[in-house]
Amino acid sequence: MIRSFLLSGVAASFALPVAAFAAEPAQQVDPAPATTTAASPAASPADAAASKGAGPDIVVTGRLDAARASIQPSLGATTYSITATQIKALPGGDNLQLNQILLQLPGVVQDGGGQFHVRDDHNNLQYRINGTILPEGVSVFGQTLSPRIVERFDLRTGALPAQYGLRTAGIIDITTKSHFDNSGTAQIYGGTNDTIQPSIEYGGSTGQTNYFVTGSYKHSNNGIDPVDSGRTPLHDRTDQYQGFVYLDHTLDANNRVSLIGGYADQRYQIPNPRGLRPDSGYSVGGVSDVLSDDLDERQHEQTAFALASLLHDAGPLTLQASLFARYSALRYTPDVLGELLFNGLAQNAFKRDFTFGGQIEGAYRLGAAHTLRGGVIISRDRNNSRTSTQVFQVDDAGAQLGEPVTVIDNGARTEMTYSVYLQDEWKIAEPLIVNFGGRFDHYNGYRAESAFSPRVNAVLTPLEGLALHAGYSRYFSPPPFSNVATTSVLKFRGTSAQAPGDDGVATPLADTPYAEKQDYFDVGGQWKLSPAVTVGLDGYYRKSYNLLDEGQFGAPIILTPFNYARGTIKGVEGNISYAAHGLSLYGNLAYAKAQGTNIVSSQFNFDPADIATIARQAIYLDHDQTWTASAGASYRIEQGFLRDTRVGASMLYGSGLRRDGDVPNGGKLPPYAVVNLTASHNFAGPGIEIRADIINVGDHVYEIRDGSGVGVGAPQFGARRGFLFGISKTI
C-alpha cells in the first residue's frame with residue numbers, strides 16, 4: 001500500500017436524534033422523533049399490551065422485556081435514541097450502515113474508514129445487544145451489525161452509571177426487533193457506483209418460541225472513502241455478506257432463554273491514487289517503475305458472534321445471566337512489487353481474535369426508595385498476529401543493498417478481564433433521584449492494571465417536562481487488546497522499514513500502551529416545552545491520564561493504540577426537535593476541544609522531532625473537530641391520493657478534522673456541509689414500498705482527511721452525489 005495514500009471506509013451523512021435523561025429503572029422513552037416524555041415505571045409494556053386486550057404470550061414477553069431493561073437504566077447519563085421507524089425515514093433507510101446513522105447524533109464526528117468519534121474520543125465504544133455485551137474484535141472498514149436488526153438503539157454517553165465500564169465514550173445499546181407475527185420483508189436496493197443490495201428479514205413464533213432472522217448482500221464500486229475527489233473511485237470494489245438470527249423461548253411467566261448469533265464477511269479493494277510513479281530509488285529485479293493506477297491491494301474482514309442469555313424476573317429480583325463469544329479476523333494482501341517500489345516494504349498481515357466470557361447482572365428492589373444493582377463480568381481474549389514483510393536492506397544513507405528480504409514477525413497473547421460493580425438508586429424525594437456506586441476492573445494482557453471507579457449521578461425534575469442532571473464518573477479503559485502492536489522493532493533495523501523512532505544505535509522506546517484513567521464531569525438538562533417541542537443542552541469536562549489514541553502506522557490498514565501522558569476533552573451539545581401532524585424536525589449542534597501532551601507509549605512509531613514537540617506542549621488530537629452539526633426533516637402525507645408517501649432530508653456539517661500545521665495536528669481541514677434527500681411511497685394493498693434517495697444532493701467535494709496528522713494514514717474524500725432506488729415487498 002502506498003504509505004501516503006492509505007485509505008478508509010464508506011462515509012455518508014444521515015441522521016435522527018432523540019435525547020433523554022433516564023431517571024427511573026423501568027423508564028420507557030417515547031419513540032416519536034426527538035420526543036422524550038417518559039412513562040411511569042408502572043406503565044410497562046405488559047400493562048400497555050393488556051390494556052389493548054393482548055394475548056397472554058404478548059403480555060409475558062412485554063413484561064420480561066421491561067424487566068430486562070430495568071437492570072441497565074441510564075440513571076442520569078445522556079441518552080440519544082433512534083427507532084426502526086425513524087431509521088426507515090432517513091435517506092437510505094435500513095440500507096445504511098449503522099455508523100452512518102450514528103453520525104447524526106449530537107457530538108458524533110465523522111472520520112474515514114467507517115470510523116466515528118463520540119465526544120472527541122477515539123473509539124472507546126461498547127456495543128450491547130439486548131443488554132448483553134458484544135466483545136470487541138479486529139475490524140477497520142467492516143460493520144458487524146446491520147440496522148435491519150434494530151427495533152431501537154440508545155447511544156449513552158456522559159457520566160455513566162457503574163454497570164458501564166472499560167469502554168466508556170459511548171454505549172451503543174441495541175434492542176432487537178420483536179416482530180414475531182410470521183411475516184417479513186424482501187428488498188432490493190441499488191444505484192450509483194454499481195451498488196446492488198438485496199436483503200430479507202423475517203420474524204415468527206411457534207408456541208412459546210419466537211424467532212427473527214435477517215440476511216443481506218452488498219456489492220459496490222465505492223467500498224472505501226476514495227483518495228481523490230473524482231466521481232468514480234479507482235479499484236474500490238466491495239462485496240459484503242451479513243446474517244443475523246434471534247431466538248427466544250419463554251420457559252414460564254418468570255423465565256426466558258434467548259440466543260443471538262451473527263456473521264459478517266466483507267472484502268475490500270483498496271482504492272488507488274491516479275497517475276503516480278515511485279521516486280524512492282528502489283528496484284526489484286531491475287524494475288523500478290510502476291503506475292499507481294495498476295496497484296492491487298485488498299483487505300478481507302470476517303466476524304462471527306454468539307450471545308446466550310437467561311432472564312429471570314420474580315418479586316423484587318430481576319436477574320440476567322449471559323455468555324458471549326466473538327471470533328474476528330483481518331487479512332491484508334499487498335501489491336508486493338508496487339508497495340516495495342513506493343514504500344520500501346510490502347507486508348502480508350493476518351490478525352485473528354477470539355473472545356468469550358460471561359456476565360451476571362441484576363436488580364433488587366429493597367422498597368420504594370432504594371433499588372440495588374450489581375454485576376460480575378469476566379472475559380478471556382486470545383489474539384494472534386502473523387506478518388510476512390518484504391523489505392530492502394539499506395546502508396547508513398538509506399540506499400538499497402540487493403534484492404528484497406523477508407522478515408517474519410509472529411505473536412500471540414491472552415488477556416483476562418475481570419469486572420464487578422454495585423450501585424444504589426436512591427429516590428430521596430419526589431423530584432430528586434441519586435444513583436451512587438462503584439466498580440472494580442482488572443485486566444492482565446500485555447500489561448496488568450487495576451482500578452476502582454466511583455460513580456454518582458443526580459436527576460432532578462422540578463417541573464413537569466423538565467429534567468436536570470449532573471454526574472461524576474471515574475473511568476478506567478485498557479487499550480484495545482486486539483489492536484496492540486506486537487512488532488519486534490529491532491527485526492527491521494537496517495532495512496527500508498526501520499521504525500521512525502529507531503536511530504539505529506540505541507534501543508528505541510517501545511513502551512506497551514497503558515490503560516487510560518479519566519475524571520469525567522457532566523451536567524445538562526432537557527425541557528419538553530410542549531407536546532411537540534423538546535430542547536436539550538449538555539456540557540462535559542474530562543481530565544485524562546494516559547489518554548488513549550489510535551493511529552495507522554506502517555502499510556496495512558490496522559489501527560494501533562498509543563498514549564498521551566495527559567489529556568483534556570471538553571464540550572457542549574445542544575439539540576431541538578419538533579414532532580406533530582406527521583412532521584418531524586430536528587437540529588443538533590456540538591462544540592468540542594480535545595488536546596493531549598507527551599506521547600508515552602508506542603514511541604517508535606513517531607518521528608523524534610514530533611515526540612519532542614508533543615512533550616513540550618499540548619496539541620490537538622487528530623480526530624478533534626471544533627463544531628459538528630446535523631439537522632433533518634421528515635413528513636408523512638396522511639390523506640389524499642399521496643397518502644402513505646414520505647419525504648425527507650438530512651444534513652451533516654463538520655468544521656474539519658485536524659491536519660499538520662506549525663506543530664503536529666496544528667491545522668484543520670476546510671468545513672463541509674452535505675445534504676441528502678429521500679422520498680418513499682407505501683402501497684398498502686399489495687404490501688409494496690418504493691423509495692428513491694439522493695446522497696450529497698449538491699455534489700459537494702469535501703475532504704475528510706488530507707493524509708497529515710498524528711497517526712493519519714491517507715487522504716480521504718466524502719462520497720460524491722449518488723442516486724439510489726429500492727423496492728420492498730411484505731412476505
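Author: Tyr-591 has a relative accessible area of 30%, which makes this residue partly exposed. On that scale, buried means under 20% relative accessible area, exposed means over 50%, and partly exposed lies in between, with a 1.4 Å probe and protein chains only. Trp-627, at 38%, is also partly exposed.

The model is predicted, so local features need a pLDDT of at least 70 and side-chain atom pairs count only at pLDDT 80 or more, while totals for chains, interfaces and linings use all residues. Residues are numbered from 1 along each chain as its sequence is written, and side-chain values use heavy atoms, without hydrogens or water.

Next come the ring pairs. Rings of Phe, Tyr and Trp (for Trp, the six-membered ring) pair if their centres lie within 6.5 Å; planes under 30 degrees apart are stacked, over 60 edge-to-face, and the rest tilted. By this rule there are 16 aromatic pairs. One of them joins Tyr-520 and Tyr-540, which are stacked, with 6.3 Å from centre to centre and 20 degrees between the planes. Tyr-520 belongs to strand E24 (residues 516-528) and Tyr-540 to strand E25 (residues 533-552), so this pair ties together parts 20 residues apart in sequence. Strands (E, at least two residues) and helices (H or I, at least four) are DSSP runs, numbered from the N terminus. Tyr-520 is buried at 5%, and Tyr-540 is buried at 6%.

Tyr-591 and Trp-627 pair in another way: their ring centres are 5.2 Å apart and their planes meet at 55 degrees, so the pair is tilted. Tyr-591 lies in strand E27 (residues 583-599) and Trp-627 in strand E29 (residues 627-637), so that the pair links distant parts of the chain, 36 residues apart. Elsewhere, ring pairs link Phe-553, Phe-562, Tyr-564 and Phe-606 into a cluster.

Some rings have a charge over the face. The rule asks for NZ of Lys or CZ of Arg within 6 Å of the ring centre and within 35 degrees of the ring normal. The charged end of Arg-447 is over the ring of Tyr-514, 3.7 Å from its centre. Arg-658 lies over the face of Tyr-620, at 3.9 Å from the ring centre.

A core is a set of buried Ala, Val, Leu, Ile, Met, Phe, Trp, Tyr and Cys residues joined through side-chain atoms within 4.5 Å. The largest nonpolar core has 34 residues, and among those touching the most other members are Phe-116, Phe-153 and Phe-305. A second, separate core of 20 residues includes Tyr-475 and Tyr-540. In general, nonpolar side chains of soluble globular proteins tend to be buried together.

Leaving out residues up to four places away in sequence, Phe-305 touches several others, including Ile-129, Leu-145, Phe-244, Ile-260 and Arg-326. Such a contact means heavy atoms within 4.5 Å.
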